[in-house]
Amino acid sequence: MPLTLPDLPFPKNALAPYLSDRTLEFHHDKHHKAYVDNANKLLAGTELDKEDAETIIKKVAGDPSKAAIFNNVAQAWNHSFYWNCLKPKAGGRPTGQIAQKIDADFGSYEKFAEELKNAGITQFGSGWAWLVLKNGKLEITKTLNADTPIAHGINPLLTVDVWEHAYYLDYQNRRPDYLQAVIDNLINWDFVNSRL
Ligand code: MN
């Protein structure tokens with residue numbers, strides 16, 4: 001089996017009150033698990049089943065006949081990445097190298113936070129908001145459904161899942177409040193610095 005469901009890097013109740021244990025139970029144990037299981041079913045017996053997720057994503061991106069594989073493998077990868085971007089008692093102003101890079105490329109932390117939140121709010125339907133490193137410069141991007149910067153050869157540093165399943169139990173339709181809570185309280189800057 002090429003893909004696995006990683007354990008959450010924190011206890012399920014550790015992100016409350018910003019994300020409840022119920023949200024994490026459904027999001028990790030049901031949604032993320034389904035992407036992993038579906039991907040493995042689709043990959044079984046194909047020439048891709050010994051490859052890692054990033055390689056598969058790059059190989060099948062843009063091929064309509066492999067859309068189901070792309071969607072499930074990219075979602076499996078995106079979710080594993082997303083869990084690493086979250087941490088209890090975190091978020092707010094970064095420290096380390098990323099702090100200086102944000103000031104240099106966005107002008108200020110406030111500008112960065114506003115752009116990230118706005119990308120998440122304006123992603124119509126399901127998708128992801130990202131901080132990426134492109135040609136040596138930080139940028140905010142957003143992707144639709146399963147799409148991921150990895151598929152475009154761009155290095156992601158941070159993501160926020162804006163599919164409704166990521167926040168609906170805790171925030172219902174208030175996606176901006178979810179984004180603000182993640183930005184202020186949950187961003188794992190240690191992980192972002194490790195990606196830089
Ligand atoms: Mn999700």
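1. For the charge count, Lys and Arg are taken as positive and Asp and Glu as negative, while His and the chain ends are left out. On that basis the protein chain carries 21 positive and 24 negative side chains. The centres of the two sets lie 0 Å apart. The model under discussion is predicted.

2. The fold comprises eight helices and three strands. Along the sequence, the elements of the protein chain are arranged as α-α-α-α-α-β-β-β-α-α-α. The radius of gyration is 16 Å, close to the 16 Å that the globule rule gives for 196 residues, so the protein chain is as compact as a globular protein of that length. Taken along the principal axes, the box filled by the C-alpha atoms is roughly 50 × 40 × 30 Å.

3. Of the contacts between residues at least 6 apart in sequence, 68% join residues at least 24 apart. The accessible surface of the protein chain is about 9,300 Å², and carbon and sulfur atoms account for 50% of that area.

4. His27 belongs to helix α1 (residues 21-43), whereas His165 sits in the loop between β3 (155-161) and α6 (168-171), so the pair ties together parts that are 138 residues apart in sequence. Because buried means under 20% relative accessible area, His27 qualifies at 1%, and His165 also qualifies at 17%.

5. Is Ile56 buried or exposed? Ile56, a residue of helix α2 (residues 53-60), has a relative accessibility of 0% and therefore counts as buried. Leaving aside residues up to four places away in sequence, Ile56 touches Leu43, Leu48, Glu51, Ile69 and Val73. The C-alpha atoms of Ile56 and Val36 are separated by 13 Å, the two residues being 20 apart along the chain.

Methods:
Residues numbered from 1 in each chain as written. Predicted model: local features only at pLDDT ≥ 70, side-chain atom pairs only at ≥ 80, totals over all residues. Heavy atoms only, no water. Helix = DSSP H or I, 4+ residues; strand = E, 2+ residues; numbered from the N terminus. Buried < 20%, exposed > 50% of the residue type's maximum accessible area, 1.4 Å probe, protein only. Rg over C-alpha atoms; globule rule 2.2 N^0.38 Å. Contact = heavy atoms within 4.5 Å. Areas by Shrake-Rupley, 256 points an atom, 1.4 Å probe, with all protein chains shown as cover. Charge placed at Lys NZ, Arg CZ, Asp CG, Glu CD.
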